[in-house]
Amino acid sequence: MTKIFPEDLAARLATRAVHAGQRPDPTSGAIMPPIYQTSTYAQEALGVNKGYEYARGKNPTREALERNVAALETAQHGIAFSSGMGCLNSLMMLFKSGDHIVIGANVYGGTFRLFDKLLQHFGLQFTWVDMRDTQRIADAMRKNTVAVMLETPTNPLMQLADIKAAAGIAKKAGALTIVDNTFATPIFQQPLALGADIVWHSSTKYLNGHSDLIGGIAVMNDDALAAKVQFIANSAGAVPGPMDAWLTLRGTKTLALRMRQHDINGRDVADWLAKRMGEERVFYPGLASHPQHELAKRQMSGFGGMVSVETGSKANANTVVTRLKVFTLAESLGGVESLVCQPAGMTHASVEPARRAEIGITDGLLRFSCGVEDTQDLLEDLEQAFKGL
Ligand SMILES: *Cc1c(COP(=O)(O)O)cnc(C)c1O
């Protein structure tokens with residue numbers, strides 16, 4: 001568990017992104033934090049050391065990243081992991097057999113797979129609810145409910161959950177509110193300020209932003225809770241290497257800058273698709289036609305670069321993805337380059353077809369991760385790809 005430098009919170013987000021958690025190296029003045037590529041640390045005498053013993057527990061490069069992202073989320077503590085899934089799996093070790101968790105029906109496919117295919121066998125109970133309707137969260141609460149887990153906006157349907165309302169329900173029941181903030185990032189959404197207890201990320205996506213590593217991170221305010229998560233991280237060992245921590249830290253420096261362009265491109269691509277395909281087929285919280293646009297404006301300060309569209313059929317979807325040139329057909333999102341994917345066959349393939357149909361992930365649905373390229377090039381790429389559709 002790494003505590004932030006409290007003075008970092010005095011700055012605004014774009015400044016925190018560049019500076020928080022890092023100070024010039026005291027031995028050389030190096031402006032960038034060194035990559036401490038080491039597994040262990042020399043100790044001066046029995047029981048005497050500089051606070052570092054073995055690198056599964058602590059590494060200074062990792063600590064700089066943990067402080068940086070914690071400061072961005074306006075949190076006291078950060079704990080980095082080797083992947084988003086490693087982070088989530090570690091967070092679930094806060095709980096025990098017989099505990100009950102309320103979670104959104106439309107979440108990242110890997111989250112569904114971890115819970116439904118693995119953790120269920122260890123006695124954790126899950127209730128999957130439509131998080132758009134706060135009343136359903138209240139109705140799903142049981143005596144043994146330990147957590148309410150939100151992903152907002154959701155992947156790939158861009159549905160929102162009211163974080164403040166959900167956290168209120170969880171708090172009353174003595175349960176934790178845990179938010180996957182991967183899509184919005186702290187630049188556009190600050191769940192802790194709305195009552196969440198833990199915010200986590202796949203830092204593979206926007207935080208790192210360059211599609212060159214896999215990582216995860218959790219941040220929180222409560223000291224005791226952070227100590228527990230740190231104990232799990234050290235005991236279970238899903239920690240990142242120093243090189244990946246350093247690369248992620250290089251990524252977060254430009255997070256505010258990148259999110260601004262992702263947001264511009266997301267809005268313009270959503271507008272173009274809405275005009276071309278009809279607004280009822282486009283899923284983007286920034287569109288006035290989005291059923292939860294008012295909530296989006298209330299709890300988000302930007303809408304980001306993720307846009308989904310219903311093309312009507314798998315054949316249409318395939319036509320579009322094979323014609324696109326600037327958008328590359330690939331899983332993942334949040335990098336500087338634009339990507340397109342078909343969730344039903346790619347990111348959400350582990351969700352059974354019947355369940356996919358139920359939540360609206362059809363074979364014709366395409367998800368765009370708008371990068372930071374020139375907006376006009378993205379629109380022209382779409383123009384030629386949708387021709388005749
Ligand atoms: C990618 C992703 C994850 C999983 O993270 P990994 O780094 O791939 O393990 C979790 N949640 C969301 C919203 C994601 O997009």
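Student: Where does Pro153 lie?

Tutor: This is a predicted model. In it, Pro153 sits in the loop between strand S5 (145-151) and helix H6 (163-172). The bond that joins Thr152 to Pro153 is a cis peptide bond, with omega about -5°.

Student: Which other peptide bond is cis, with omega near 5°?

Tutor: The one from Asn155 to Pro156. Pro156 is also placed in the loop between S5 and H6.

Student: What is the phi of Met158, and where is Met158 found?

Tutor: Met158 is not a glycine, yet its phi is positive, about 55°. Met158 belongs to the loop between S5 and H6.

Student: Let us turn to the domains. What does the domain assignment of the chain give?

Tutor: It gives domain 1 (2-252) and domain 2 (256-385). Taken over C-alpha atoms, their centres are 26 Å apart.

Student: How should I read the area buried between domain 1 and domain 2?

Tutor: The size of an interface is often given as the accessible area lost when the parts come together. Here the area buried between domain 1 and domain 2 is about 3,200 Å². Carbon and sulfur atoms give 59% of that area. In terms of contacts, 39 residues of domain 1 meet 41 residues of domain 2.

Student: How many residue pairs are in polar contact between domain 1 and domain 2?

Tutor: The count is 18 residue pairs, both residues being at pLDDT 80 or more. On the side of domain 1 that touches domain 2, the elements giving two or more residues are helix H4 (109-118), helix H7 (185-188) and helix H9 (242-252). H4 gives the most, with 4 residues. By class, this side of domain 1 has 20 nonpolar, 14 polar and 5 charged residues.

Student: What about salt bridges; how many are there between domain 1 and domain 2?

Tutor: Side chains of opposite charge can pair when their charged atoms come close. Between domain 1 and domain 2 the count is 2 salt bridges. A salt bridge also links the side chains of Glu352 and Lys117, at 3.2 Å from N to O.

Student: How many salt bridges does the count come to by this rule?

Tutor: It comes to 11 salt bridges. Asp8 and Arg23 provide one example, their side chains meeting at 3.0 Å, N to O. Asp8 is in the loop between strand S1 (2-3) and helix H1 (13-19), while Arg23 is in the loop between H1 and helix H2 (60-72), so the pair ties together parts that are 15 residues apart in sequence.

Student: Last, the ligand. How many residues surround the ligand, and which are the closest?

Tutor: There are 15 residues around the ligand, and the closest are Gly84, Asp180, Ser202, Thr204 and Lys205.

Student: Which atom of Lys205 lies 2.8 Å from an oxygen atom of the ligand?

Tutor: A polar side-chain atom of Lys205. The backbone is involved at Met85, where a polar backbone atom is 2.9 Å from an oxygen atom of the ligand. At Gly215, a backbone N or O atom lies 3.5 Å from an oxygen atom of the ligand.

Definitions and conventions
Residues numbered from 1 in each chain as written. Predicted model: local features only at pLDDT ≥ 70, side-chain atom pairs only at ≥ 80, totals over all residues. Heavy atoms only, no water. Domains from an automatic or database assignment. Contact = heavy atoms within 4.5 Å. Buried area = accessible area lost by both parts, 1.4 Å probe. Salt bridge = Lys/Arg side-chain N within 4 Å of Asp/Glu carboxyl O. Polar contact = N/O pair within 3.5 Å; in protein donor to acceptor, adjacent residues only side chain to side chain. Nonpolar A, V, L, I, M, F, W, Y, C, P; charged D, E, K, R; others polar. Near = heavy atom within 4 Å.
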